[in-house]
Amino acid sequence: MAALIGVLPGDGIGPEVIDQALRVLDAIARRSGRHFELRQGLIGGAAIDATGKAFPEDTRRLALEADAVLLGAVGGPKWSDPAARERPEQGLLDLRAAMGVYANVRPVRTHPSLYDASPLRPERIRDVDILVIRELTGGIYFGAKQRDADRASDLCSYSRAEIERVLRVAGVMARGRRGRVTSVDKANVLETSRLWRSVANELFAREFPELQLEHMLVDAAAMHLLSRPREFDVLVTENMFGDILTDEASMLAGSMGMLPSASLDEKGRGLYEPIHGSAPDIAGRGIANPCGTILSAAMLLRHSLGLEAEAARIENAVHEVLESGLRTRDIAAASSREATTVQMGDAVVARLNA
Ligand code: NAD
């Protein structure tokens, strides 16, 4: 039976970058004789405009039925009134919670052809290969919120089970890598972090004694990601720290537009999306970098459909296109040829068909 992939383009540059990822999936399907059933749904601002809801019931059904979901991005100035009852970003939080995708996995690798696109010096970012794992369905983003005229609060809460399952993903993935896990917390001030740290010590002693576990405070981690990024292998952390550190880490790779992500549940079903947002400043201009979304489609094939060879072919094709000097504007260099979003997709598809 064909795998069912839910496709949620969303807002801003979301539909532009999703179009290119769909062309890549189509090229892979033709070459490998596989069949993917792609079914589109609404989310975010586009869904609010059409249905009044950021995460409509039809989309919920699709997300729960699908083997995997590929998402563009949500949000934009049109829907950013803080007093609005429905907000696009809430639709995304609801989607993640409905799918139960608690482990957000983001590979950050630097490519020699993009060293010049990073704001950091090439010798700092050479051979960086970090797997960041962020807890995605707990913590302060999901805690009780209170607000009166002069005071507001957001509750940060984690259970042992929530901490253990995301740390286990980090342990399993570190086994196939260099075997080093950095658990990032703020255990010098936060009670949730102190629980996190003790759960990590117990779990790794019990289930992953062969791995090297270290703890790092989030402020130090923010610094070391820039001063010695090569030393990180697997970095695992809670929701808000991960949100911030992954944006920081994206600059090692040159641009937000380059990086993919996978959000996984217990059974390997997943939500796949580039790490960037809807980029309203460049939406509709045909200049968005589709690489992060194309690489997210590759992660989808690997983690949810078990198609490792096809995933690797897409990653190699993107790599070769970048090596050839073709770049969207966000990663352009003096020596590169500038490509539009569609031209970048053309080039990746051409490599796959070659
Ligand atoms: P953003 O990621 O959309 O953009 C930040 C900067 O990076 C912008 O200058 C943008 O032009 C650039 N950029 C991002 N993706 C790019 C790409 N593929 N190619 C080239 N340049 C790219 O973040 P923001 O501006 O803070 O947020 C814009 C909207 O997106 C907001 O409504 C925000 O809530 C939403 N958002 C959504 C998600 C998501 O859907 N997962 C994530 C972050 C932000």
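Predicted model: local features only at pLDDT ≥ 70, side-chain atom pairs only at ≥ 80, totals over all residues.
Residues are numbered from 1 along each chain as its sequence is written. Local features need pLDDT of at least 70 and side-chain atom pairs count only at pLDDT 80 or more, while totals for chains, interfaces and linings use all residues, and side-chain values use heavy atoms, without hydrogens and water.

A pocket is an open set of points on a 1 Å grid over the protein atoms alone, where a 1.4 Å probe fits, with protein on both sides within 12 Å along at least five of seven lines; lining residues have an atom within 4 Å of a point. The largest pocket holds about 520 Å³ of space, a volume being the space filled by probe spheres set on the points, which are joined across faces, edges and corners. Its lining comprises 24 residues, of which P107, R109, M299, R302 and E315 are the closest to the centre. The greatest contribution, six residues, is from α11.

α4 (88-99), α9 (239-250) and β12 (270-274) each provide at least two lining residues, and α4 has the largest share, with four. Because domain 1 (1-107 + 255-354) and domain 2 (119-253) both contribute to this lining, the second largest pocket lies between them; the domain bounds come from an automatic or database domain assignment.
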